[in-house]
Amino acid sequence: MSVRSGSSVTASQSESTAPGSADVLGAFAESVASAIGGQAEVAHGTAKVRVSPDAWKEALTVARDDLGLVFLSWLSAVDWSNEVAVGDGHDEPVEERYEVLCAISDLTDGNLVVISTDVEHGAPSIDSVTDVYAGTNWHEREAAEMFGIDFVGHPDLIKLYLPDAFEGHPLRKSYPLLSREVKPWPGKVDVEDMPENGAQPSTENPGT
């Protein structure tokens with residue numbers, strides 16, 4: 001996928017709507033997507049742009065150099081898996097993959113966008129962007145440790161939290177958590193309806 005560079009973008013391009021509105025966020029997401037070659041969306045009040053995995057590193061480089069999105073907030077991942085060791089599974093089957101996400105912003109107007117890409121579930125691997133955003137060093141190590149994602153080109157992809165002898169990746173949905181084997185995850189809970197208006201609470205003594 002080719003990546004197109006562009007000029008600096010801002011969430012205030014649409015002057016007819018209030019800052020932070022869905023229209024403004026949508027315009028901002030579209031501007032970023034046009035510049036880096038991705039697909040824009042707005043979810044949970046946040047601008048988001050999806051790119052293909054082969055464009056991941058170049059897209060973030062363009063976002064930093066051409067769009068002024070120089071501040072990294074975080075990088076992490078989501079395990080989209082149908083195999084769930086703990087709790088309830090998905091209501092409908094999902095396309096199994098790992099979604100890698102990176103939140104970046106400027107230092108002037110507070111414009112923030114989440115850039116995401118999907119990597120294969122069987123053998124997750126993606127280019128490291130530590131030479132684009134130095135702050136991703138620890139974030140990539142954490143994602144590698146917890147999800148088993150290989151960040152190719154990372155200078156020192158060693159464990160961050162767990163002992164070297166530890167086996168498995170605790171944030172994978174297929175990973176069995178001992179704490180939940182001792183105390184099962186409650187899952188979905190049935191909640192009783194509130195009493196109708198005018199209904200009187202029971203005065204019966206439960207001990208009789």
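View A. Gly122 is exposed, with a relative accessible area of 77%. Here, exposed means over 50% relative accessible area, buried means under 20%, and partly exposed falls in between (1.4 Å probe, protein chains only). The model is predicted: local features need pLDDT of at least 70, side-chain atom pairs count only at pLDDT 80 or more, and totals for chains, interfaces and linings use all residues. Residues are numbered from 1 along each chain as its sequence is written, and side-chain values use heavy atoms, with hydrogens and water left out. Gly122 sits in the loop that joins strand 5 (112-120) to strand 6 (125-127). Helices (H or I, at least four residues) and strands (E, at least two) are DSSP runs, numbered from the N terminus. Tyr98 is 24 residues from Gly122 along the chain, and their C-alpha atoms are separated by 9.4 Å.

**View B. His44 in the loop between strands 1 and 2.** His44 belongs to the loop between strand 1 (39-43) and strand 2 (46-50). Its phi is near 55 degrees, a positive value in a residue other than glycine. His44 is exposed, at 84% relative accessibility.

**View C. The salt-bridge network of Glu41, Lys48, Arg50 and Glu99.** Salt bridges link these four residues in a network. A salt bridge here is a side-chain nitrogen of Lys or Arg within 4 Å of a carboxyl oxygen of Asp or Glu. Side chains of opposite charge can pair when their charged atoms come close. Glu41 bridges to Arg50, with the closest N and O atoms 3.1 Å apart. Glu41 is partly exposed at 28% relative accessibility. Arg50 is also partly exposed, at 23%. Lys48 and Glu99 meet through their side chains at 2.8 Å, N to O. This pair links distant parts of the chain: Lys48 is in strand 2 and Glu99 in strand 4 (residues 97-105), 51 residues apart. Lys48 is buried at 13% relative accessibility. Glu99 is buried at 2%.

**View D. The salt bridge between Asp118 and Arg97.** The side chains of Asp118 and Arg97 form a salt bridge of 3.1 Å, N to O. Asp118 lies in strand 5 and Arg97 in strand 4, so the pair links distant parts of the chain, 21 residues apart. Asp118 is partly exposed, with a relative accessible area of 28%. Arg97 is buried, at 13% relative accessibility. The salt-bridge count comes to six.

View E. Thr136 is in helix 3 (residues 136-147). Thr136 is buried, with a relative accessible area of 0%. Contact means heavy atoms within 4.5 Å. Leaving out residues up to four places away in sequence, Thr136 touches Leu72, Leu75, Val129 and Thr130. A polar atom of the Thr136 side chain lies 3.5 Å from the backbone nitrogen of Thr130.

**View F. The nonpolar surface patch of Val70, Phe71 and Leu107.** These three residues make a nonpolar patch of about 300 Å². Patches use residues with over 30% relative accessible area and no salt bridge; like charges are joined within 9 Å, and nonpolar side chains (Val, Leu, Ile, Met, Phe, Trp, Tyr) within 5 Å. Accessible areas come from the Shrake-Rupley method with a 1.4 Å probe; for residues, only the protein chains shown count as cover. Val70 is in the loop between helix 2 (56-65) and strand 3 (71-80). Val70 is partly exposed, at 41% relative accessible area.

Terms used:
Polar contact = N/O pair within 3.5 Å; in protein donor to acceptor, adjacent residues only side chain to side chain.
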